[in-house]
Amino acid sequence: MIVGYPFSAVVGHDDLKLALLLNAVSPAIGGVLVRGEKGTAKSTVVRSLAALLPEVAVVAGCRFSCDPAAPDPSCPDGPHESGLSPQTRPARLVELPVGASEDRVAGSLDLERALTEGVKAFEPGLLAAAHRGVLYVDEVNLLHDHLVDLLLDAAAMGVAHVEREGVSVRHAARFLLVGTMNPEEGELRPQLLDRFGLAVEVRASRDPAERAEVVRRRLAFDADPAGYTGAYAAGERDLAQRIAAARERLPAVTLPDDALRGITAVCAAFDVEGMRADLVMARAAVALAAWEGRDEVTPGDVRTAARLALPHRRRRDPFDDPGQGLDEERLEQALSEALSPDDDSGDDAPDDGPDDDGPGGGGAPGGEPADAPPGEGGGTGGRRPESPGAPYRTRLLAPEAVGRGGPAGRRGRTTGESGRAAGARTPDGRLRRLDLPATLAAAAPHQRGRGRTGSGLVLRREDLREALREGRESNLVLFCVDASGSMAARTRMRAVKGAVLSLLLDAYQRRDKVGLVTFRGEEATVALPPTSSVELASGRLARLATGGRTPLAAGLRRAERVLAAERLRDPRRRPLLVVVTDGRHTSGPDPVITARRLAEVASVVVDCEHGPVRLGLAGRLAAALGGTAIRLEELAADHLAAVVRDVRKVA
Ligand SMILES: [Zn+2]
């Protein structure tokens, strides 16, 4: 048996440890998302939790961990007789590998039994194994989309529903969801983000003494795991007992009205969506009181609960760093207002506003810098970055889907003959690609009915299944942005950044890869190599230096090279080039020649020219690119959504 690192030996990481412990006390909180750079021992801490969890009483022989006190009525191993002697086993921490197959996660049909015995036997998957325990996903931000969907369904309903190869099975799957991720590698889908009750940011300590202690303990553990663990056994036992005691105390803990008002006031002040945040905060505050051996929630509990429950759910510009902590001042203000007795429940929190998930709402991060002088910002150096204008919902920019079925839904999924297997179906015409397991599974239950006696399978036409495959129609959106003096007029650059941020947001929601090339002075630079982390992209954009001359051709050439490299690296992605420019060039060769070489690539020119006299250079550039020009102002307007479809080219 592998000896795990003891929880009580972990140095620092106080928020993370507290978040895990609170969930251990009250699994209804809904789990923890742990964000942090590599090498911060996130996984070690998470894995060490398992040893502290109370044992679980289960029905003997049930592979779905039914609770003897309340067995799952739909348990595939059931029905269970009442009065069976229960069995206890240690709580499980089940790891879900990001590349796992759907069968492995959701479970699968035992084909052998189906074929030989004619019964539908279900082989439980990881969701079943994690029932009443912890489901841990390391690098959860890299989880395949189809697994995210499975996970969301199970987490939302507490039930895993598996339909596969003609079998339908339903079983309870309630687990503590814990995910770790390195945000530099990309963000989570918002729906999944919302599923995590608490979120904590971890970073390695900057304190040399603490770092030394971490190293010392790790070396000691590696040298003699069993001996080291033994030294912490008493500490581990204490923690486990404290969790068990807090669990027992939990139902008796009361949440006074003023504490509840504090919770709702804080949630309103931070403009969180829906009611989940309020509930999670309430549960966390109650669990914290129980953990500390109290029977009543205090304002301090509410404060701590807010710090753990809100950072990842406050409504914000998606380009804010989701890892950044809460605005403490705002938290204190909301709390003190709610907790002061003579307060007339002052309803000064912003209203829900439109109920979409658009970025329009919630405080713009940069605010409106009114202190800026109105003049032109960028002479030569011009390194003061402009804070971007608030992003707005833009039109969809997407190249034409290449697969069959077109761009279905936001994620641009298509089904067709290539891509990963995505189930089977009855063919609607001539059978093209037989799915043998699905066909056998369809035939198996009817063998007796069809009077099979010998060894051959009685197969009928209606048993035939064809494999359905699903591929992602993913895009690469490469921005090529003029950052020269001609664009640097303060308000203009703000508008440009706002537009690019909005386009980035669109790409983010579609899970596209995004890259950024900028040009100014004499040269073009790849400000951001193609990445899935929009956070990274927006950060680079916000810090973008501006000013100098305008080497438009150099910018396009750079974009051409980036696209060529990406075509080799990831040929399935369809490129879309977005050139943000007023069309002028004041250094280097004529951009039109380079532009013609890019005519193969779908492109859009965002025309930033303004003023009474217009040269129409951006339009000329767009013509050379074989793309379309859109005026910057038009980009914000919803009614133009249709225009972009004309921009698309079939790859
Ligand atoms: Zn059962």
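Here are some friendly notes on this structure, which is a predicted model.

1. **Overall make-up.** Let's begin with the whole chain. Its secondary structure comes to 22 helices and 20 strands. Of the 651 residues, 48% are buried. If you take the contacts between residues at least 6 apart in sequence, 79% of them join residues at least 24 apart.

2. Five strands, in the order 4-7-10-1-11, form an open sheet with parallel pairing. Strand 4 (93-95) and strand 11 (198-202) are its edges, each pairing on one side only. On average, neighbouring strands here are turned by 20° against each other, direction ignored.

3. Strand 4 runs parallel to strand 7 and is joined to strand 7 by 3 bridges. To find this pairing on screen, look for Leu93, whose bridge partner in strand 7 is Val134. Helix 1 (residues 14-25) packs on the sheet, where it touches strand 1 (32-36), strand 10 (176-181) and strand 11. The direction of helix 1 makes about 155° with that of strand 11.

4. **The zinc site.** The zinc ion has four protein donors: the SG atoms of Cys62, Cys66 and Cys75, and NE2 of His80. These donors lie 2.1 to 2.2 Å from the ion. Along the chain they follow the spacing C-x3-C-x8-C-x4-H. The angles among the 4 donor atoms are 106 to 115°, and the site is tetrahedral.

5. **Cysteines.** The cut-off for buried is under 20% relative accessible area. Cys62 counts as buried because its relative accessible area is 11%. Cys66 is buried too, because its relative accessibility is 2%, and Cys75 is buried because its value is 5%. Elsewhere in the chain, Cys608 is buried because its relative accessibility is 1%. As for disulfides, the count comes to 0.

6. **His131.** His131 sits in the loop between helix 5 (126-130) and strand 7 (134-138). With a relative accessible area of 4%, His131 is buried. Leaving aside neighbours within four places in sequence, His131 is in contact with Phe64, Ser65, Arg89, Ala172, Ala173 and Arg174.

7. Another open sheet has 6 strands in the order 17-16-15-18-19-20, and its pairing is mixed. The edge strands are strand 17 (523-531) and strand 20 (628-631), each of which pairs on one side only. Neighbouring strands of this sheet are turned by 20° against each other on average, direction ignored.

8. Strand 16 (residues 513-520) pairs with strand 17 in the antiparallel sense over 6 bridges. Helix 20 (residues 617-625) lies across strand 18 (574-581), strand 19 (602-607) and strand 20. Relative to strand 19, helix 20 runs at about 180°.

How values were computed. Residues are numbered from 1 along each chain as its sequence is written. This is a predicted model: local features need pLDDT of at least 70, side-chain atom pairs count only at pLDDT 80 or more; totals for chains, interfaces and linings use all residues. Side-chain values use heavy atoms; hydrogens and water are left out. Two strands pair if DSSP finds at least two bridges between them. Helices (H or I, at least four residues) and strands (E, at least two) are DSSP runs, numbered from the N terminus. Axes are lines fitted to C-alpha atoms, for helices over the stretch in contact, and angles run from 0 to 180 degrees between N-to-C directions. Contact means heavy atoms within 4.5 Å. Donors are N, O and S atoms within 2.8 Å of the metal (3.2 Å for Na, K and Ca); water is not among the atoms, so sites may look incomplete. Four donors count as tetrahedral if all angles lie between 85 and 135 degrees; four count as square planar and six as octahedral if opposite donors are over 155 degrees apart and all others between 65 and 115; anything else is irregular. Buried means under 20% relative accessible area, exposed over 50%, partly exposed in between (1.4 Å probe, protein chains only). A disulfide is a pair of cysteine sulfur atoms within 2.5 Å.
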